[in-house]
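Open the structure in your viewer and keep the selection tool at hand. Each stop below says what to select and what is there.

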2 protein chains.
Amino acid sequence: MGLFEEVLQGQPRAVGRALSAVERGGAEAELLLAELRGHAGAVRTLGITGAPGVGKSTLVQTLGLQLLERGERVAVLAVDPSSPFTGGALLGDRVRMPDLSARGAFVRSMATRGALGGVAAATADALDVLAAAGYGWVVVETVGVGQDEVDVAGVVDTVVVVTVAGLGDEVQAAKAGLLEIAHVFAVNKADRPGADGEVAALESMLAMAPEAEWSPPVLPLSAMTGEGIAELLEAVAAHQAHLDADGRRGALRRARAERRIARVLEDLVWRRVRAGETRLALAVDDVAAGTLSPHDAARRLLAAMILEDA
Amino acid sequence: MGLFEEVLQGQPRAVGRALSAVERGGAEAELLLAELRGHAGAVRTLGITGAPGVGKSTLVQTLGLQLLERGERVAVLAVDPSSPFTGGALLGDRVRMPDLSARGAFVRSMATRGALGGVAAATADALDVLAAAGYGWVVVETVGVGQDEVDVAGVVDTVVVVTVAGLGDEVQAAKAGLLEIAHVFAVNKADRPGADGEVAALESMLAMAPEAEWSPPVLPLSAMTGEGIAELLEAVAAHQAHLDADGRRGALRRARAERRIARVLEDLVWRRVRAGETRLALAVDDVAAGTLSPHDAARRLLAAMILEDA
């Protein structure tokens, strides 16, 4: 039996091997993804993101256990835009999540550097694998607060941004970048002093936001005690229902498809330009010397690539 | 007198206007950068990065004041890959750094979303403006711990990664992504318990790294009291001297030029593909429906673009 058939049957070891192939990228991954195409089940994807230290992992575990108790098949993907230097091992250890694994969830951390089209593209490919393997819910956890996290948020249906009270100014500033991608805000460690203030602060920030079809609720909760988790799942379900209405899920899929195409396209073009070694080297020298702008160099290289190919 | 002449004279208001133009991007920015080309002075660029809460801003201020005392002309650029939602206002307020400004440093925070080629390209353009304006040192502070920060690190000469003892596991994992881009490690708040352990932990991580021409030193310091700052500046100077030897600075400039060209090129290609609306829409529909892979879609769109252009 081929790997793709084992994946379709939902065999965890095969799913793990398939995700490794996606991590590495290249022809093997492309072939596998082509085989899996059209076999995706109905999967709900949930992103959990937020600044470091807000308790995302605990929340993922608590949420995962709740979903398992409701009879769902659950996969957890921890996305680590990690360095080749550490190989993502730190995160790998961190997210073993023994409770979830023991109760049948599929848990996996993914280091994605070097994947064709970047971390978001690799995550989207991984979600295709997990959808084909028949998981009903995939929870994607991201580490960090940069553009990668915003990109990864773009490949899931519902994004939960986690915050806590009492973070420093700098974390607050970093958090601001996550505001626009949130469908639900979770204020974790709600038993701590200041949690009400955090809820109020988020609500007043949201009040300044432009009118939109979906207004993100702000939910105090405790991932540790489980308080407020049921309400979080309700809010997630409400957002999923919102997506199912008025063709929104289709529009979301198309927006996502366009981004995936764009990333792969950029990568392809750059590989071609690199193949014209001498021409690239000359342009690079001129830009480095300050005699040519990066914009003009890019225009020339593109024109040359097109001429050559035609 | 044109804006570019005022920039060459180092007039702070003109420099500010030029940086706003770079932030906005487009034809005006390109024209200005073309005028400034070839006028860059000898500038040393220093990146300060690290997880939220480690005291980067305090360190930037302390470093900036030291450089001013040594008679240097200093500019500080705080790079904020911020959302249109908040307009970067949070960070803008945070980095006013009145001490530095009062003593003649140029301090500016930059929100760069939407710039052609992304945040790193906009930062590189901003460094061109500051170099033409005659600043001898530019300190670039980044917020966040994602790919943007790694990209921004690629546009400066020397990268200082700041850490502190006692961060949570998650911040540690996020930090791992910064290990490979560091030229110097600063363990801030060195008077705190655990600082020695943090230094030792970093040193043992570095011991596992492959042999390289430059070994990043790990320096305990206190940005608040100024202890260890002189040693940090020595380490930075040593790294700059390392770059000046054996043609390394030239190689660095070329690597940087190549990345700038690549980012602009990707952007140009995508703009062209978007211009072929119907074809793109059909490909997007097929990828969204799962009947076409993003890879195949990208290949077809690229081929079509080339055919059309030739």
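How many helices and strands does the secondary structure of chain A come to? Chain A has 14 helices and seven strands. Keep in mind during the tour that this is a predicted model.

**Stop 1: chain A as a whole**

Select chain A. It has 310 residues, of which 52% count as buried. Now consider the contacts in chain A with a separation of 6 or more: residues 24 or more positions apart account for 75% of them.

**Stop 2: strand 1 of chain A**

Select residues 44–49 of chain A, which form strand 1. Six of the six residues of this strand are buried, and the strand is mostly covered. In a regular strand, side chains alternate between the two faces of the sheet. On one side of strand 1 of chain A are Arg44(A), Leu46(A) and Ile48(A), and on the other are Thr45(A), Gly47(A) and Thr49(A); both faces are covered.

Which strands pair with strand 1 of chain A? Strand 4 of chain A pairs with strand 1 in the parallel sense, over five bridges. To see one of these, select Gly47(A) and its bridge partner Val140(A). Strand 5 of chain A, residues 158–164, also runs parallel to strand 1 and is joined to it by four bridges. Here, select Leu46(A) together with its bridge partner Thr158(A).

**Stop 3: strand 4 of chain A**

Select residues 137–142 of chain A. Is strand 4 enclosed by the rest of the structure or open? Six of its six residues are buried, so strand 4 of chain A is largely enclosed by the rest of the structure. Trp137(A), Val139(A) and Glu141(A) point one way, while Val138(A), Val140(A) and Thr142(A) point the other way.

**Stop 4: the largest nonpolar core**

In soluble globular proteins, nonpolar side chains tend to be buried together. The largest nonpolar core here has 186 residues. Those with the most contacts inside this core are Val76, Val129 and Ile261 of chain A, and Val76, Val129 and Ile261 of chain B.

Select Val76(A). Leaving aside neighbours within four places in sequence, Val76(A) is in contact with several residues, among them Val60(A), Met97(A), Leu100(A) and Val107(A). Two others on that list, Val139(A) and Glu141(A), were met in strand 4 of chain A.

**Stop 5: Gly71(A)**

Move to the loop between helix 4 (56–69) and strand 2 (74–80) of chain A, where Gly71(A) is placed. Is Gly71(A) buried or exposed? Gly71(A) is exposed, because 7 other C-beta atoms lie within 10 Å, and a residue with 12 or fewer counts as exposed.

**Stop 6: where helix 11 meets helix 12 in chain A**

Two packed helices are described by the angle between their axes and the distance between the axes. Helix 11 and helix 12 of chain A pack at an angle of about 85°, with their axes 5 Å apart. That angle makes helix 11 of chain A roughly perpendicular to helix 12 of chain A. Select His242(A), Leu243(A) and Asp244(A) from helix 11, then Arg248(A), Arg249(A) and Leu252(A) from helix 12, to see the contact. Its residues divide into two nonpolar, one polar and three charged.

The loop between these helices holds Asp246(A). Most residues other than glycine have a negative phi. Asp246(A) has a positive phi of about 55° although it is not a glycine. Asp246(A) counts as exposed, with 10 C-beta neighbours inside 10 Å.

**Stop 7: from chain A to chain B**

Residues meeting here include Arg253(A), Ala257(A) and Ile261(A) from helix 12 of chain A, and Val284(B), Asp285(B) and Ala288(B) from helix 13 of chain B. The contact residues divide into six nonpolar, no polar and five charged.

**Stop 8: Lys189(B)**

Finish in the loop between strand 6 (184–188) and helix 10 (195–207) of chain B, and select Lys189(B). Lys189(B) has a positive phi of about 55° although it is not a glycine. With 22 C-beta neighbours inside 10 Å, Lys189(B) counts as buried.

Notes: Residues are numbered from 1 along each chain as its sequence is written. Chains are lettered from A and ligands numbered from 1 in the order in which they are written. This is a predicted model: local features need pLDDT of at least 70, side-chain atom pairs count only at pLDDT 80 or more; totals for chains, interfaces and linings use all residues. Helices (H or I, at least four residues) and strands (E, at least two) are DSSP runs, numbered from the N terminus. A residue is buried if 20 or more other C-beta atoms lie within 10 Å of its own, exposed if 12 or fewer, and partly exposed in between; C-beta atoms are placed from the backbone. A nonpolar core is a set of buried Ala, Val, Leu, Ile, Met, Phe, Trp, Tyr and Cys residues joined through C-beta atoms within 7 Å. Two residues are in contact if their C-beta atoms, placed from the backbone, lie within 7 Å. Ala, Val, Leu, Ile, Met, Phe, Trp, Tyr, Cys and Pro count as nonpolar, Asp, Glu, Lys and Arg as charged, and the others, Gly among them, as polar. Two strands pair if DSSP finds at least two bridges between them. Axes are lines fitted to C-alpha atoms, for helices over the stretch in contact, and angles run from 0 to 180 degrees between N-to-C directions. Angles under 35 degrees count as roughly parallel, over 145 as roughly antiparallel, 65 to 115 as roughly perpendicular and the rest as oblique.
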